[in-house]
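The following paragraphs guide a new reader through a protein structure. They should be read with the sequence and the coordinates at hand.

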Amino acid sequence: MKLSFASIKSAADNIARYIEKEASVAERMSANLSELAGFVATAAAKNVKSKSFFTDDMPLEMYMPSMPDIDEVSDGALVENASLVKGKLNADKGAYVADFCAKVTSKLKTVAKLKPSPALFTDFDGEKRLDGTVAFAESQVLIAAFLQFQKKNSRLSPSYVRSFTDACEDVSAGVCDFCILPIENSRDGALLTVYGLIERYELFIARVVSVESNDITTKFALLCRGFRGIIETNNIQNIDLRLSARDLDVWAQIYTGASVLGIGFIKNVAVPLMYTDGYAHICTFSASGETLFAFLLFLSTIRADYTIIGVYEE
């Protein structure tokens with residue numbers, strides 16, 4: 001086949017018309033989702049408890065329009081391009097669910113008089129105090145990290161221990177209010193052993209600072225029990241999640257949904273699971289508190305298996 005400028009332009013024009021049609025469909029879908037979000041926000045307002053918001057009480061996915069299942073398509077042309085069609089429909093689902101959750105979040109502010117916060121997805125009260133004793137091993141770099149945290153919160157006081165494990169145990173037992181652990185550095189990346197301690201002792205990242213020593217920059221986390229460290233702010237915050245999604249379709253929806261919501265994707269570290277061939281993922285996203293609420297609502301709606309490790313400013 002001989003290519004010509006006319007044939008190339010014709011193919012490009014066809015793509016342009018297709019994109020224009022998609023934009024028109026998205027516009028109509030967005031209007032319908034906005035109307036739907038109003039009804040759902042009204043119903044959800046009745047399930048908003050004093051200090052927490054439980055999506056299990058009202059599964060939002062039941063309100064979402066069902067998407068076509070490509071596996072059931074029998075038309076020859078579609079079967080030939082099944083992987084392409086399935087990928088597109090899956091991405092579309094992530095985009096529309098994310099748009100729906102953003103609209104629900106916006107309407108909850110007026111319907112339920114609710115200030116959306118990631119803390120509302122937990123059983124904890126999300127108190128804002130950041131004072132008390134801080135357990136950490138007595139070393140020059142850890143003392144430097146503590147002084148940075150103390151500069152922001154002058155009522156923090158040190159409590160020296162022998163090891164990272166001892167620091168975690170002191171917080172878990174209620175001996176100290178916080179502990180400091182390194183979670184990442186510029187030489188080794190994410191410190192998975194430390195993340196293992198965080199999960200084992202069910203700790204939560206409240207703040208993060210960076211310390212440079214011997215040409216290595218290390219991020220240190222101020223950790224506590226529960227969600228005591230969440231700060232209500234309109235500033236950009238990071239959220240660390242442990243995601244256990246093994247389904248590739250879920251990952252496609254997460255990435256597409258994050259893009260629609262304007263969520264910044266910072267990192268994804270795969271963690272091998274013991275006794276299985278699978279992996280969990282330690283992911284960091286960034287956005288304002290209200291957008292993070294919409295993102296958690298989105299993850300719950302698509303039934304992603306996640307645990308919140310921390311919500312913090314750096």
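In which loop is Glu202 found? In this predicted model, Glu202 is placed in the loop between α6 (192–200) and β5 (203–213). The backbone there deserves attention, as phi of Glu202 is near 50°, a positive value in a residue other than glycine. Most residues other than glycine have a negative phi. Glu202 counts as exposed because its relative accessibility is 66%, which lies over the 50% required for that class. A second residue of this kind is Arg303, with phi near 60°, again a positive value in a residue other than glycine. Arg303 belongs to the loop between α8 (289–301) and β10 (306–312).

The protein has 314 residues, and 44% of them are buried.

With its 41 residues, α1 reaches 58 Å from its first C-alpha to its last, close to the 60 Å expected at 1.5 Å a residue. Its buried residues are Leu33, Ala37, Val40, Ala41 and Ala44. An α-helix has 3.6 residues a turn, so residues three or four places apart point the same way. The buried residues of α1 pack against α3. Val40 is one of the buried residues of α1, and it counts as buried because its relative accessibility is 0%, where the class requires a value under 20%. The C-alpha atoms of Val40 and Leu108 are 9.2 Å apart in space, although the two residues are 68 apart in sequence.

Helix α3 itself spans residues 82–111 and includes Asp99. Asp99 is classed as buried because its relative accessible area is 16%, a value under the 20% cut-off. Which residues does Asp99 touch, not counting those up to four places away in sequence? They are Ser30, Leu33 and Val260. With Ser30 there is also a polar contact of 3.4 Å between the side chains.

Strand β7, residues 237–243, is mostly covered, with 6 of its 7 residues buried. It pairs in the antiparallel sense with strand β9, residues 279–287, over 7 bridges. Within this pairing, Asn238 stands opposite Ser286 in β9. β7 also pairs with β10 in the antiparallel sense, here over 6 bridges. Leu243 has Tyr306 as its bridge partner in β10. In a regular strand the side chains alternate between the two faces of the sheet.

The cysteines remain to be considered. How many disulfides does the structure hold? The number is 0. A disulfide is a covalent bond between the sulfur atoms of two cysteines. Cys224 is buried, since its relative accessibility is 1%. Cys283 is likewise buried, with a relative accessible area of 0%.

Notes
Residues are numbered from 1 along each chain as its sequence is written. This is a predicted model: local features need pLDDT of at least 70, side-chain atom pairs count only at pLDDT 80 or more; totals for chains, interfaces and linings use all residues. Side-chain values use heavy atoms; hydrogens and water are left out. Helices (H or I, at least four residues) and strands (E, at least two) are DSSP runs, numbered from the N terminus. Buried means under 20% relative accessible area, exposed over 50%, partly exposed in between (1.4 Å probe, protein chains only). A polar contact is a pair of N or O atoms within 3.5 Å; within protein, one must be able to donate a hydrogen and the other to accept it, and residues adjacent in sequence count only if both atoms are side-chain atoms. Contact means heavy atoms within 4.5 Å. A disulfide is a pair of cysteine sulfur atoms within 2.5 Å. The expected span of a helix is 1.5 Å times one less than its number of residues. Two strands pair if DSSP finds at least two bridges between them.
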